[in-house]
Amino acid sequence: MKTLLLNKKEICRGTWEFTLAKPADAVHQAGQHITVKLPRLLHEDPKGPQRTFTLASAPHEADWLLATRMTGSGFKKTLLDLSLNTEVEVSGPMGGLVRDERSAALVFLAGGIGITPFRSMVLDLHHKVLGVKVHLFYANRSLDSAAYHNLFTGLAEQPFFTYIPTLNDEPDAAWHGERRILGMELIHAHLTELDAHAFYLCGPPGLVTDLTSRLQTAGVNKERIFSESFWGYP
Ligand SMILES: Cc1cc2nc3c(=O)[nH]c(=O)nc-3n(C[C@H](O)[C@H](O)[C@H](O)COP(=O)(O)OP(=O)(O)OC[C@H]3O[C@@H](n4cnc5c(N)ncnc54)[C@H](O)[C@@H]3O)c2cc1C
């Protein structure tokens, strides 16, 4: 199906958010993704004009939001150059990291742009007021590269939501939050009972593989680990 690019803005250093018109009757579950095919490439790209993106918007929001790091690929340079109201081809929403409804306590582990499904899921849970508790661990190098940090900081005033950003290379000494890498030491420091939670992981493939095996070694049953790897990021 076709839809329109309505807006684009840089939401943190090197990360852009793109707003697409939500196609009529389109429904999605928080955490699902779509594929986007550009009408033509303005910059060469060996992988062609199509990529997969998670919908960062929650189902109740009016438009579809995508967020992505600018890597210099021909696809992304073209996406950035597109004029507003350009028509793009989309398919989905499909698959993705959707919430297992049996769990009342969730842990979201995001590396960098792997935050996109969790923006959707956290806003969805807030909107639905289901009483599900969420811990979001969110790793970035620095504050200026942490997309949606202000949104999550605001939501952390809600009793259902605990937000643990960690910045392992933040130059500003005024940052008094976590600096530890996203791993078991950090998780144990903020969560007492791993057993009571379901874990959702998203980010570059290396991070997802590493964290999955660390969680399993720490005794988390693999049936309670759900993950999505964003290929194309180191
Ligand atoms: C379900 C899903 C959801 C996603 N959601 C998002 C999102 O919300 N935001 C976002 O920024 N990105 C998301 N991605 C990743 C996205 O599709 C792109 O792959 C990524 O943004 C990099 O694109 P690129 O054009 O910058 O680089 P690319 O040109 O696509 O790739 C850069 C490098 O990665 C390697 N690579 C790419 N794909 C694969 C692969 N499948 N296997 C092995 N190596 C590979 C390439 O060989 C190349 O060296 C998602 C991916 C999936 C599968």
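Which residues does L65 touch, not counting residues up to four places away in sequence? Keep that question in mind as we walk through this predicted model.

**Stop 1: the whole protein**

Start with everything shown. The secondary structure comes to 5 helices and 11 strands. With a radius of gyration of 18 Å, close to the 17 Å that the globule rule gives for 234 residues, the protein is as compact as a globular protein of that length. Turn the view along the principal axes, and the C-alpha atoms fill a box of roughly 50 × 40 × 30 Å.

Of the 234 residues, 52% count as buried. If you display contacts with a separation of 6 or more, 73% of them are between residues 24 or more positions apart.

**Stop 2: L65 and its surroundings**

Select L65, which you will find in strand β5. Here is the reply to the opening question: L65 touches E17, F18, T19, T54, L55, A56, S57 and R119. L65 counts as buried because its relative accessibility is 11%, and the cut-off for buried is under 20%.

L65 and L201 lie 136 residues apart along the chain, and their C-alpha atoms are separated by 20 Å.

**Stop 3: helix α1**

Next, select residues 74-81, which form helix α1. Which of its residues are buried? They are G74, F75, K76, T78 and L79. To see what covers these buried residues, bring up some strands: among them are β2 (15-20), β3 (33-37), β4 (50-54) and β5 (64-69). You have already visited β5, as the strand that holds L65.

**Stop 4: β8, α3 and β9**

For the last stop, select residues 133-140 for strand β8, residues 149-155 for helix α3 and residues 161-167 for strand β9. Together, β8, α3 and β9 make a right-handed β-α-β unit.

In which sense do β8 and β9 pair? Their pairing is parallel, over 7 bridges.

Finally, bring the rest of the protein back and look at β9 once more. Is this strand largely enclosed or left open? Strand β9 is largely enclosed by the rest of the structure, because 6 of its 7 residues are buried.

Terms used:
Residues are numbered from 1 along each chain as its sequence is written. This is a predicted model: local features need pLDDT of at least 70, side-chain atom pairs count only at pLDDT 80 or more; totals for chains, interfaces and linings use all residues. Side-chain values use heavy atoms; hydrogens and water are left out. Buried means under 20% relative accessible area, exposed over 50%, partly exposed in between (1.4 Å probe, protein chains only). Helices (H or I, at least four residues) and strands (E, at least two) are DSSP runs, numbered from the N terminus. Two strands pair if DSSP finds at least two bridges between them. A crossover is right-handed if, with the strands pointing away from the viewer, the path from the first strand over the helix to the second runs clockwise. Contact means heavy atoms within 4.5 Å. The radius of gyration is taken over C-alpha atoms; the globule rule is 2.2 Å times the number of residues to the power 0.38.
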